[in-house]
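Dear colleague,

Please find below the structure that I am handing over to you. My notes on what was found in it follow directly after.

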Amino acid sequence: MTAYKGIDVSKWQGEINWSRVKNSGIQFAMIRSGYGSGQEDVCFKYNYEQAKRVGICVGAYHYSYAKTPEEAVKEAEFCLSVLKGKKFEYPIAYDMEDSTVATLGKEKISEIAKAFCSKMEENGYYVCIYANLYWLNNYFTDEIFEKYDIWLAQWAAKPTFTRAYGIWQNSSKGRVDGINGNMDTDESYKNYPSIMKYNGLNGYGSTDPVEPPKKGFKAGQKVTLKNAKLYSSATSERVANTISGTYYIYDGIYFDGRYRVTNSIENVERKPIGNYVTGFVDRDELR
């Protein structure tokens, strides 16, 4: 599995030398945009502009205090105002870990998460949920894991979370040249920039440069495969199997040269993804 090296930052890191961060091998940064329903991180604009300037891919995260779905929508509206006019190669994360919210219970917390994420998706953003291992294991319903990517916070040598996740925050004591003191370090496992640019998400649109597919495929479209190489992920170099016959495009999302396929029309876009996707196939193999 390809792992992209990243960090997450906020005003607490002070003034960052982003050129040195880039030279240290960092490939992406999740930048705090704000918190609550009206507080922008004072370093957000600087961090965004300087990270983009040196060619680091960026995402953003919003720290939540919402205790109702209505408050979550207000947080989303504020977040949208902060992100307006900017482009993000990585997801917009909803940071859910505040102790004052934990007492609400799994169902209510999940409704809050859905309210924020739905509002962001309505406006063309690719979202994910950030939470620590305990929160993920105890405060979210299955629907959250079926609908949204997860950014797992577990400071350990190896993650023990048993569900799928796209980003792993693996330490709070990382050291990166260009940033003073300890900080959070991350790994991501999806080619998020390809997803955002090809699908016109997170501020990207049809006028942005992106490698055009030789042929686009839509969810549910029937395709014929003949000894096609099957991969377990969009970035895997190891061929898991070869397949032939009639298959269907799972969701039409283009992942760095590949599409997900499934073996039944009834499986198209069904969740959880892992139960219904056969694997990834190079677009050149699709007929």
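Asn 267 is buried, since its relative accessible area is 11% (buried means under 20% relative accessible area, exposed over 50% and partly exposed in between, with a 1.4 Å probe and protein chains only). Asn 267 sits in the loop that links β12 (258-262) to α9 (273-276); helices (H or I, at least four residues) and strands (E, at least two) are DSSP runs, numbered from the N terminus. Leaving out residues up to four places away in sequence, Asn 267 touches Tyr 250, Thr 262 and Tyr 276, where contact means heavy atoms within 4.5 Å.

The model is predicted: local features need pLDDT of at least 70, side-chain atom pairs count only at pLDDT 80 or more, and totals for chains, interfaces and linings use all residues. Residues are numbered from 1 along each chain as its sequence is written, and side-chain values use heavy atoms, with hydrogens and water left out.

As to the strands, β7 (residues 149-153) pairs with β8 (residues 167-174) in the parallel sense over three bridges; two strands pair if DSSP finds at least two bridges between them. Leu 152 has Trp 168 of β8 as its bridge partner. β8 also pairs with β9 (residues 183-188), in the antiparallel sense and over five bridges, and here Gly 174 stands opposite Met 183 of β9.

The largest nonpolar core has 56 residues, of which Ile 7, Trp 18, Met 120, Ile 129 and Phe 140 touch the most other members. Such a core is a set of buried Ala, Val, Leu, Ile, Met, Phe, Trp, Tyr and Cys residues joined through side-chain atoms within 4.5 Å.

With kind regards
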